[in-house]
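Have the model open while you read.

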Amino acid sequence: MGVLENKFQDNVIVASLDKLLGWARSTSPWYFQFGLACCAIEMMASAASRHDLERIGMMPRSSPRQADVMIVAGTVTMKMALRVKKLYEQMADPKYVISMGSCATSGGPYWQHGYHVLKGVDLVVPVDVYVPGCPPRPEALIEGLLKLQEKIQTERPLTRKSA
Amino acid sequence: MSKYFANIYDTVNTLWTGMRITWRHMMNIKRDNVTLQYPEERWPRPERNIGFNHDNYNVIRSRLHVDIDECIGCLKCTRACPVDCIKIDTIKAPVRGEDIPNVGHTGETSSGTKKALLVSRFTIDMSECCYCNLCTYPCPEKCIFMVGGPNGSKHPIDYEFSEFDRNNLIYQFAKLITPGQKEALQNPTPEVEA
Amino acid sequence: MTVDFLIDWFAAMGDFPVIAFLLAVIISGIPIFLIMALNAIVAVYVERKVSAFMMDRIGPMGQGPGLHAGKWGLLQTAADAVKLLVKEDTVPETSDKFLFKMAPYIIFIGAFMGMAAVPFSSVLQVADFNVGVFYIIAVGSIGVIGIVMAGWASNNKWSLYGAMRSAAQIISYEIPAGLSIIVPIMMAGTMNLQLLIQSQSGTVWGILPNWIIFNNPFTFIAFFIFFISAVAETNRTPFDIPEAESELVAGWMTEYSGFRWALFFLSEYANMFVVSGLAVAGFLGGWQSPIPGMFDSAGWELFWFMGKLILLIFVMMWFRWTFPRLRVDQLMHVCWKVFIPIAMFNIFGVGIWKLIFG
Amino acid sequence: MTSAEIKAVLEHQFPAAMVENEDLTEKQVELKGNQWLEIATFIKNDPDLSFDQLECITGYDTGEDGPLQTRYNLHSMEHRHKIEVVISHNRENPNVASIEQLWRIGDWFERETYDMFGIVYEGHRDLRRILCPDDWEGWPLRKDYEGQETYHGIVVQKMKEEEGWE
Amino acid sequence: MGIVQGDQMILNIGPQHPSTHGVLRLEVRTDGEIVSEIKPHLGYLHRCFEKHSENVTYEQVIPFTDRCDYLASMNSNFGYVVAMEELMEIKVPERVDYIRIIMGELNRIASHLLALGVYGLDIGAFTPFLYMFRDRERILDMFELTCGARLLYNYMWVGGVSHDLPKDFEKICIGFLDYFEPQIKEYNNLLTYNKIFIERTADVGVIPADVAVSYGVTGPNLRGSGVKWDVRKDEPYSIYDRFEFDIPVGEGQFGTLGDCFDRYWVRMLEISQSVKILRQALKDIPDGNVHQALPKKIRPPKGSVYRRTESPRGDLGYYIVSDGTPVPYRVKMRSPAFTALSCLDEVSRGWMISDVIAILGSLDIVLGEIDR
């Protein structure tokens, strides 16, 4: 998509194409299983039968290449921070990051004495949606994902960014 | 030789029982379906009785909320929090138990205790909170609580507050006091003494 | 049929044989591509729904903001396809770029060529070879080259493991598949799919349709051996070791993303389509109707063929969501020590049966 | 056997190694570090002691200037009795013999105590940090530990840039 | 890793891998598919639990113990609280003991369900994972009804529990147990007796009893190797000695004693034992005030205590040293999964990569507890 990115004037065809791409990307955001700690168990619970993530089109992919959304579920420690950065760079473009749980958002319960804990994953990767909770309920995670889907839908990948 | 065929028979038999189970689940999906379709059906699921009802919930874990008018600034919740995500600044109120209209400070709490301190800043960083509910027990006025459940009438349950920007997760509960008013409160003008 | 039909039709208009041949091939190639694309989209949706129902959940429902994916998530796979079209397909820096880019097309060609010989109905078949069965088996093994290329080119240890495993698996499972497909050839005496299907009309033992599967116990076993080794050939559970989710991160597809990965997905389902088509044509009486007398007009033929095909594809999905995965050496053990001996014994059995009962 | 009897047996075998320490409970026994490997092999192989399960190794920092301690909890599957052995080391270069050959789990417990306190276990085949990254400075669980400012360019301490926070 | 011989390859089953149960890196030296040596790298989830426990007061440590073994938080609390009560010689009322055992056993079932479900996932069967999660959700509903949280409860306090059981908890729990027992039969038909599953797990990754004891392996992994050791029976704490239940031990049904199948089968039998304990506990739970023995100010006397309890993964030990102030001086958590993982190297030599994944799954490790 590199060559087509934001190259076109804003007219009716491009606008409807944007809507189509936005719809496609927001309808099938495949998430990259990135379970670190307790939030990973709640992520698995939201993928299980009761709170079915597949309902909103989310299919788990284990390889970073085939995933669109990286759900950072759990505490990112210093040793893991370098890996998170490398994995984020390995993901194919239009990629989004959800910081699930207090630990990923700002170090959570470990912010004060956690010498080995990264105080918030946005020091390493750009984050789109912060889902608070420790661990967030599966419904809270799905609400965060729906918010991300709304954000993807309003993106306009084809039109040229104005100023 | 017979073990060879017994092995094959055993494989076919056990695989077939497994397939029968998944077939049975597929066939009566209408009855066995447990999915809670979140955007439409909220927790807890009203019609499907999975064993609990909501009226005698005694505790809930969701967003923290503070009724600032009840708070007497005793800092018990700050000490009880294992994560130190509650920050409170208080100013000594000039007269105990008197309302200060321009700042919106009420002198008395609903349970009748007179306030000696004026809470100028009450901030909870929900992105650090570990939702352990330790802060709600020591509060003498029961003014800090997690929304929903037993206090559902005042505040419906709210566990859906994900944000695009991290700083929105820091909730300010105290009433806004301009620096000028703060100066006036901290060192009352001399003529008041005289 | 259609290629010869088109060539005759062009010949009537003027003698430009080479161009006529090319035009005929291209024109009859387009519906195959559409069938493959449509099959992939429908099969992926059905697979996600079937897997959901088997797990007491409800699969893609199209909930979420805006139009989202239709009433019951019907547009889900369409959205997946469009998203994969515009997704950045990364080519790793350290990979062998030419092989990396070529691999999906070779696998796609393997599946695409196989579709040419699938007998949808007595009239609807792209090319009616008189060596139809042999052609499909031969074309089926082109995919392995693509897989090994993909595995080697992406310069990733997981892909290498996946490719080596899948090469071993597909090549060794072609032998029992080939041996067990010989049985219908022996019964019908031809390798031409149309004649093979026509030979299965009428009834046997009164009420049963004269399909080869009901002919004698040996063909019954041969069908199951063929079907299971066909499942193994398309890398489906319980033989999905090459792209084992839990061991090798995503098998030989680890480094692929975007539309290149979608091509793999497309050709996997196309392979399933071709292989079940061969099983239906060989054993289940192709487009013959189960009630021998009635329902055998042209439209019904297509219906019966597609019905049996979808049934077999459903059984493959059913396998996937019920069985655990075999280990590589157990896989080889099952192939060489169980399937091949039984398949050979079957051929011998069918020969004796045909000798006695004619 | 009760802990008192176990202490008596130890005192009888290794009188030189015993150390009197009043604030230890009667279940604990303090030993000098120099004979530790020999004592350990004895209590593991001795038929009526037979401590074959090493429950836990706990590193312990007695205070600003006090010695570092390693506390071994040992348990016998047969006789179902337990003992806790305490060994002190000076703060500058704490070291003691490694019991990694006797109880295989000692390998990882000792690596963890080394990672957290810096107590070197001689004879350990592969003594390196187990929890913190290999290039982590300082021994985290010592009382006088201040965290490092940045690690590979990532700021470790929490930067509170929100207004009016601290 | 030293020099690598010609045909050997170092494979990183990296910190992000679908079946490492969290963030664990296995540096595997393989020759083709056969594994010759594994060097686990830990510490990717080291969250400094022991440093935190030296800076927060005694009752504030409990939320951190939850987060160590996040699959069995009730049992982590239980271990910490039992150790504290032994240090402070607090005698809790009967009802609190009964509530704690009910919560502990429910959490054991939930943790085993997840362990067995994810083990099926590692072997390749996707459906049992979903069925077991569906039933685990029922248990989480009960926890939520009692203390409001689904996964990390902070429910058991030193000297009592935070909240009494809701009104008709016994009826709900018995309803769940009646619903749950036929489900166990269904799991067995679907996964345990499945020939492919048996083929993949029998005779794989055998841990002999003496190697298990020398590696300090405890819990279902040790019982799978035939050693009958359960802290609930051998060092009874709380009122476990009042209940009548037996300790399932591996018998080598489908292969040698101590293989992956035995560990899996011991966990499956333990689920039905926990159901038996729950039924007894629910039947004769007395009344009483649960906040009766809660000390106003937790200030234990100077001294140290080491107490082991039976968590779903093995002996969960807490070594607590107090110096009289309300802040603990040193808290060391002896993690059962840490010792279970240490024997992975010796056990999986000579097996193939898919077996290493099967062995790792059968050990049922939780990285939060290993790295603390």
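## Where chain A meets chain B

On the chain A side, 31 residues are in contact with 27 residues of chain B, contact meaning heavy atoms within 4.5 Å. Together the two chains bury about 2600 Å², with 59% of that on carbon and sulfur atoms; buried area here is the accessible area (1.4 Å probe) that two parts lose on being put together, summed over both. In chain A, the residues that lose the most area to chain B are Arg50(A), Tyr130(A) and Pro132(A), which together account for 23% of what that side buries.

The rule finds one salt bridge across the interface of chain A and chain B, a salt bridge being a side-chain nitrogen of Lys or Arg within 4 Å of a carboxyl oxygen of Asp or Glu. Asp122(A) pairs up with Arg166(B) in a salt bridge, and their closest N and O atoms are 3.6 Å apart. Chain A and chain B also have 12 residue pairs in polar contact, both residues at pLDDT 80 or more. For that count, a pair of N or O atoms has to lie within 3.5 Å; within protein, one must be able to donate a hydrogen and the other to accept it, and residues adjacent in sequence count only if both atoms are side-chain atoms.

Three elements of chain A each supply at least two residues of the side that touches chain B: helix H4 (101–106), strand E5 (129–131) and helix H5 (138–154). The largest share, eight residues, comes from H5(A). By type, the residues on this side of chain A split into 10 nonpolar, 10 polar and 11 charged. Ala, Val, Leu, Ile, Met, Phe, Trp, Tyr, Cys and Pro go down as nonpolar, Asp, Glu, Lys and Arg as charged, and the others, Gly among them, as polar.

## What you are looking at

This is a predicted model, in which local features need pLDDT of at least 70 and side-chain atom pairs count only at pLDDT 80 or more, while totals for chains, interfaces and linings use all residues. Residues are numbered from 1 along each chain as its sequence is written, chains are lettered from A and ligands numbered from 1 in the order in which they are written, and side-chain values use heavy atoms, with hydrogens and water left out.

## Where chain E meets chain A

Here the contact takes 34 residues from chain E and 34 residues from chain A. The pair buries about 3100 Å² between them, 64% of it on carbon and sulfur atoms. On the chain E side, Gln16(E), Tyr44(E) and Arg47(E) lose the most area to chain A, together 20% of what that side buries.

Chain E and chain A share four salt bridges. One of them joins the side chains of Arg137(A) and Glu144(E) at 2.8 Å, N to O. There are also 11 residue pairs in polar contact (both at pLDDT 80 or more). H5(E) gives the largest share of the side of chain E that touches chain A, nine residues, and that side divides into 17 nonpolar, six polar and 11 charged residues.

## The sheet in chain D

Five strands of chain D make an open sheet with mixed pairing, in the order E1-E2-E5-E4-E3. Strands E1 (18–19) and E3 (53–61) stand at the edges with a single partner strand each, so one side of each has no neighbour in the sheet. Strands are DSSP runs of E with at least two residues, helices are runs of H or I with at least four, and both are numbered from the N terminus; two strands pair if DSSP finds at least two bridges between them.

E3(D) and E4(D) pair in the antiparallel sense over eight bridges, with Asp61(D) bridged to Leu68(D) in E4(D). The two strands form a hairpin with six residues between them, and Gly63(D) in the turn has a positive phi of about 160°. Strand E4 (68–75) also pairs with strand E5 (82–89) of chain D, antiparallel and over eight bridges, and Tyr72(D) stands opposite Val85(D) in E5(D). Nine of the nine residues of E3(D) are buried, so E3(D) is largely enclosed by the rest of the structure. Buried means under 20% relative accessible area, exposed over 50%, and partly exposed in between (1.4 Å probe, protein chains only).

## Chain B and one of its glycines

Chain B has five helices and five strands, running α-α-β-α-β-β-β-β-α-α from the N terminus on. Of its 194 residues, 49% are buried.

Gly18(B) sits in helix H1 (residues 2–27) of chain B and is buried, with a relative accessible area of 0%. Leaving aside neighbours within four places in sequence, Gly18(B) is in contact with Thr322(C) and Leu190(E).
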